[in-house]
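I opened the notebook on this chain today. My entries follow the order in which I looked things up.

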Amino acid sequence: MGKTGRDWTQIYAIYGMDDWQTPMFLLIHAIIFSISSLLFLIYFDSIHSSFEHLLPNVISTTFARFAVGFTGSVTALSGVCLFYAAGNIFYSSVALRWELAQRMVNAVHDWSSVKTALDVGCGHGILLNAVALQLKKSGSSGRVVGLDRKNTTVSTLRTAKIEGVQEYVTCREGDVRRLPFTDNYFDVVVSAGVLHSVGKEFGTKTAAAGAERMRAVGEVVRVLKSGGVGVIWDLVHVPEYVKRLHELKMEDIRVSERVTAFMVSSHIVSFRKPCQHVVGPSEVRLDWRFQ
């Protein structure tokens, strides 16, 4: 990823982290493993001698040295991996989200004509405020709605005020599987890092969870106006979304290169809802509806 163009400490100060326990847990264990590997290195001969004394008739000197060296190496490698995991999760939680939010809003070429936009799963408002800033810069009179399952209105509006876009932002509580909006309502619908968690109560790899995610994708398309643009960044399941978007006859489907986030692969997918949907040789339906 490129530079954020903004001080990371400022971004973290504004938006904070929802889950700081995970990177802290990983960091503590990385430090423990790193110290352990150093102890193996410093006291190699002593540990090697202890191995020989504990099992004098079982292991040879050569095997004892190999066992101590191998254990120390694995411990050191584990420490490195844990440091990387902690750093990647810390970076992905806010800084990477901010970077990707800038890329996502750039997928919409003309914000001046946007009157209504929706951020599905807005959280503390990183993407929501990026959309609002685009509306403000373009001189649009449009508004963006931030929808989340949790009632994050207070914290979201606080970040919008800090970013100077509070007049462009409204918040609403709701479920992505049953969006509380009429068909063909928004010019732009965006979502960042949310859809993969839909249906997790059924288990992430189950058919039921997959069906719930596809239902969420259908809802995003349903509330999008004909000719409107959708942009989704998510983890792991993006190929499923692309397949579903093709089934729903979306146009201009584009998928970004792979980005590692939260230790897994992620992509941005953008698409446009067609202005006309041909459903038969002599029938053209202007309104896009789903059962």
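I began with terms: helices (H or I, at least four residues) and strands (E, at least two) are DSSP runs, numbered from the N terminus. I am working on a predicted model, where local features need pLDDT of at least 70, side-chain atom pairs count only at pLDDT 80 or more, and totals for chains, interfaces and linings use all residues. Residues are numbered from 1 along each chain as its sequence is written, and side-chain values use heavy atoms, with hydrogens and water left out.

**Entry: Gly228**

I looked up Gly228 and found it in strand S5. Is Gly228 buried or exposed? I noted it as buried, because its relative accessibility is 4%; buried means under 20% relative accessible area, exposed over 50%, partly exposed in between (1.4 Å probe, protein chains only). I then listed contacts, meaning heavy atoms within 4.5 Å. Setting aside neighbours within four places in sequence, Gly228 contacts Asp187, Phe271, Arg272 and Lys273. Phe262 is another matter: 34 residues from Gly228 in sequence, it sits 30 Å away, C-alpha to C-alpha.

I moved on to Val236, in the loop between strand S5 (224–235) and helix H8 (238–247). Its phi is positive, about 65 degrees, although Val236 is not a glycine. I put Val236 down as partly exposed, because its relative accessible area is 47%. Lys249 also went on the list: its phi is positive at about 65 degrees, and it is not a glycine. I placed Lys249 in the loop between H8 and strand S6 (251–255).

**Entry: helix H4**

I checked two residues here. Leu77 lies in helix H4, which covers residues 61–106. I logged Leu77 as exposed, because its relative accessibility is 54%. Where is Trp111 relative to Leu77? I got 48 Å, C-alpha to C-alpha, across 34 residues of sequence.

Asn106 is also in helix H4. I marked Asn106 as exposed, because its relative accessibility is 52%. From Asn106 I went to Val231, which is 125 residues away in sequence and 10.0 Å away in space, C-alpha to C-alpha.

**Entry: Glu219**

I found Glu219 in helix H7, residues 207–223. I recorded Glu219 as buried, because its relative accessibility is 13%. Which residues does Glu219 touch, not counting those up to four places away in sequence? I listed Val176, Arg177, Arg178 and Leu179. Pro180 is 39 residues from Glu219 in sequence, and their C-alpha atoms are 9.8 Å apart.

**Entry: Glu163**

I placed Glu163 in helix H6, residues 153–163. I then looked for a partner. The side chains of Glu163 and Tyr15 are joined by a polar contact of 2.7 Å. My rule for that term is a pair of N or O atoms within 3.5 Å; within protein, one must be able to donate a hydrogen and the other to accept it, and residues adjacent in sequence count only if both atoms are side-chain atoms. Leaving out residues up to four places away in sequence, Glu163 touches Arg6, Ile14, Tyr15, Asn129 and Leu133.

**Entry: whole chain**

The chain has eight helices and ten strands. I got a radius of gyration of 25 Å, whereas a compact globule of 291 residues would have one near 19 Å. That radius is taken over C-alpha atoms, and the globule rule is 2.2 Å times the number of residues to the power 0.38. Along its principal axes the C-alpha trace spans about 90 × 45 × 30 Å.

How much of the chain is buried? I noted 46% of the 291 residues. Of contacts between residues at least 6 apart in sequence, 76% join residues at least 24 apart. I put the accessible surface at about 15200 Å², with 59% of it belonging to carbon and sulfur atoms; the areas come from the Shrake-Rupley method with a 1.4 Å probe, and for residues only the protein chains shown count as cover.
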